Structures are given as structure tokens and as C-alpha cells.
Amino acid sequence: MTGRVKVWLRGALEAFLAMLIYTVALGACMALLLLIISIEEGGPSLSMATVALTETITLLTQGCGFTAGALTLTIIPLLLTGLLIWVIRTLVGRMGMSIGGCIAGLVVWVLCNLILMQGSQTMQVDTTPVILLRTSLVFLLGYGWAWVRSEPFRQAFAKAIKKVLPVQVRRTIRLGLTAGLILLAAMLAAGLVALIVWIALYHGDVGRLFKLTRMGTASAVTTSLASLAWLPNLIIWAASWIFGNGFNIGSLATFTLWSGHASSLPSLPLFGLFPEPVSRQEVRLLLLNLLLLAGVVAGILLLTGPWGVRIHAAVRQAGLKSRDTAVCFLMATLAMVLAWLVTLLGLALLFQLSNGALGRQRLAGVGVPIASSLRMIGTSLGVGLLGVWLLALVTAALIIIKDVLIDYLRQAGDKKTSAQAENKGKNNQSRGQEGKEPKATDRADTPRQVSSTRRPGK
């Protein structure tokens, strides 16, 4: 009984410490930000709003939006969300985990968020059950992350998978998941590169917006640093701008490779980073075909890469029409399908998490148009993977047809050679028979003449 109580207390302490560490660090940053703004602007001190703002941002980190006057903010700062989940995972990994501890920690986590809701001076967009559900999901994600990384779970999971799935199925699933995650990471890396290019090209516009809002240098710097909380959101939007159908700022503006304007947007400095359309058609076509090229490269690596099925080795060892070659081709096909699904599902989740609202009417929908972007991305990536698959299939068919034609021509040549040899033998035999015909004197109907000589006197 004492051991069970210790487990529960440890789980409750993990949840409390995670919330305490995060809110204290966030509150210190908020206090510094408000202090700098108050000093530079010379108005009344804003430090009194530190606690309420920290409580509101903590709830927003867990997906719970708020309304304050004309502002309705539901865009989750994904960088802070990732940090909060990482704090939970670190504490649970160090202090230990169990089912009872998870339940006790979840209860404490829910109670802490209820206290934050009561202290917040803003109106929450969601109802209380929805808020509790979202905050509970954040804690469970952190706890589950720690559980998955633990060695006992890894060993038990690997043992169970080995019992259920054969080796070839496990390898196919591993290849598909790895390829899908690599494609997803490559798209996000391209989004980060695009965001860096936007900063290099349009930082002057951001500076002009800071001047229009009459914000000083220190306030502009601290506000820009605070905006880093939404850095993953901007990276996801930039990835959709390159590979998908861009992103929307409500009904005011749409940014894609071929259209985009920020003239009708509110004077938020962050909006100055949003790009203009690409003017050169060659560059636009290159960007639009990047994902197709990525699908081609992924398909080739799955078929012939060192970590793929290495179908060329199977063909070299067992032949093109062998069972091993057919199994390798089937594994590569299933891995391509799985990679395509993993990429699309991962993007759909990221797009949904990065979207939100900045207002109630014209700014109600900010972010990526999920359906149209996924349609464009799925088509480009699918065409690349399907092209490699069809190329491998056509190549195999041509090789088989070539082998069949060679065998047919070889057999026809052998038949012709044997026929010629047979005809030559018959000719030689007939010539031999003609050379051995009996002479006229040796015929049976010719009487044989026998000469005899007798000596005289006998």
C-alpha cells in the first residue's frame, strides 16, 4: 500500500513540477517583455498584467484560445507547446513512470489548468470540458513520449512485433515509415529555408510596420523574440506555400506562388514577412516540381538504395523472374504507398495544428487550406512515386520480352541449323549410295564366265 501511494505521489509531483517550471519560465519572459515595453513607451506599467497574461498563454499553449475585446486568438504557439511536452517527458523520464502515476499526474494537471482558467482575465473560446480534454491530451503526450523512449517498452514492443509480423512485413513497414518521415522532414526544412529567404527579403517591410505602430527599438526586438513562439507555424505555412496551395489570412489575403498581397491586412509587424508572388515562371515551375522530384528520388532509393529493397541485387543473384525479385518489388511498392500515406497524414496533422483565428469575422480562418493543399501535395508526390514504379515495371517487362525474343531467335536458329545439318546428311547419304551402284558385269542376270586351262597330256 505504501509503495502504491509513493507511485501516486510521484506522478502528482511530476505534473506539478512540470506546470511550475513552465509557468515560472514563461512568467519571467512575460514580465521582462512588459517591463521593456513600459519603460520605452513611457506609459503606465504593464507588469501588473504579467500573471494574467502568463495564465492565458499557458492555456493557449495547450490549444485553448481566448477572446479579449476585438481580438480572438486561437493560433497555437507550437514552439511553446513542444517545449511544454518536452518538460513533461524529461521529468517523467527522470523520476519514473507507472499507470498509477500517470493517472495521479493527470488529475493534478487538470486541477492546475482549472486554477489557471479561474485566474485568467480573458474569455475562453472553448467550453470547460473541451479545455480539460485538450490540456489532458498535452500531459498524456508528454507522458507517452517518456514511456515510448523507455527501454522496457522498447524491448516489449520489439518482442511483440517479432511474434506477430514476419521479417519482410516488418522491413516493409520500417522502410515506408522512414521514407515518409524523411519526406516530411525535407518539406519542413524547405519551409524553413523559404522563411529565412522571406526574412532576408522583407525585413525592411517589418521595420516600417514597427515604425507605423510607433514602437521603439527595444520593444521591436522583444516583440520579435516573442514572435518566435509561432516559428513552427510559419515554417508549416511556408512549406504549404512551396508545395501546396499557400496559406490564407482570413478572407483578407491569400499567399501562393502565383498570387499574394498584404496591403489589406492589419498593421501587425509579423505580416510584413509574407511573400509576394514569384515573378519568374522558371523559378515557379521549379518550385512546383520539387515535390515530384522528391517522389522520384524516394522511389529510386526504395527500389535500389542501400537502405531500400536493393532489387538489382536480387535480380543479379536469382534472376528477374524469380520469387525473390517479385517479393522485393512488392515490398518496394507497399513501402511507397506507406510513405505517401505517412507524408499526407503528417502534413494534415501539422496543417490542422498550425491553423487558427485572429478574429471573429474576416480573420476567422488563418492558415493553410488543408483540402486543396493536400490534394496538390498528394498528386505531385504520388506522380513521382508512381513514375518510378511504372519505370521499374516497364523495364522489367522489356527485359523479359528481350529474353523471350532472344530465346525464340536462338531456338529458331538451332532448328534451322539442325534442319540444314539433316538435309546435308541426307544429301551425303544419297551421294554415297550412287557411288556404290553395281557395274553391268556384276549383275545377277549376267552369266559368270569361268576360264579353265588344262595341260596337255592329262
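Colleague: Phe247, buried or exposed?
Modeller: In this predicted model, Phe247 is buried, with a relative accessible area of 0%.

Colleague: How many aromatic pairs are there?
Modeller: The count comes to 13 aromatic pairs. In one of them, Trp237 and Phe247 have ring centres 5.7 Å apart and planes at 20 degrees, so this pair is stacked.

Colleague: Where do Trp237 and Phe247 lie?
Modeller: Trp237 is in helix α9 and Phe247 is in strand β4, so the pair ties together parts that are 10 residues apart in sequence. Both Trp237 and Phe247 are buried.

Colleague: And what about Phe247 with Phe274?
Modeller: Those two form an edge-to-face pair, 5.1 Å centre to centre with 65 degrees between the planes. Phe274 is in the loop between β5 and α10, so its pairing with Phe247 in strand β4 ties together parts that are 27 residues apart in sequence. Phe274 is buried, with a relative accessible area of 6%.

Colleague: Which residues do ring pairs link into a cluster?
Modeller: Trp198, Trp237, Trp241, Phe247, Phe255, Phe271 and Phe274.

Colleague: Change of topic. What sits over the ring of Trp145?
Modeller: The charged end of Arg89, 4.8 Å from the ring centre.

Colleague: Now the surface. Which residues make the nonpolar patch?
Modeller: Ile182, Leu286, Leu290, Leu293, Val297, Leu301 and Trp307 make a nonpolar surface patch of about 600 Å².

Colleague: Which helix gives the most to that patch?
Modeller: Helix α11, residues 290–304, with four residues. Leu290 lies in helix α11 and is partly exposed, with a relative accessible area of 31%.

Note on methods. Residues are numbered from 1 along each chain as its sequence is written. This is a predicted model: local features need pLDDT of at least 70, side-chain atom pairs count only at pLDDT 80 or more; totals for chains, interfaces and linings use all residues. Side-chain values use heavy atoms; hydrogens and water are left out. Patches are made of residues with over 30% relative accessible area and no salt bridge: like charges are joined within 9 Å, nonpolar side chains (Val, Leu, Ile, Met, Phe, Trp, Tyr) within 5 Å. Accessible areas come from the Shrake-Rupley method with a 1.4 Å probe; for residues, only the protein chains shown count as cover. A salt bridge is a side-chain nitrogen of Lys or Arg within 4 Å of a carboxyl oxygen of Asp or Glu. Helices (H or I, at least four residues) and strands (E, at least two) are DSSP runs, numbered from the N terminus. Buried means under 20% relative accessible area, exposed over 50%, partly exposed in between (1.4 Å probe, protein chains only). Rings of Phe, Tyr and Trp (its six-membered ring) pair if their centres lie within 6.5 Å; planes under 30 degrees apart count as stacked, over 60 as edge-to-face and the rest as tilted. A charge sits over a ring if NZ of Lys or CZ of Arg is within 6 Å of the ring centre and within 35 degrees of the ring normal.
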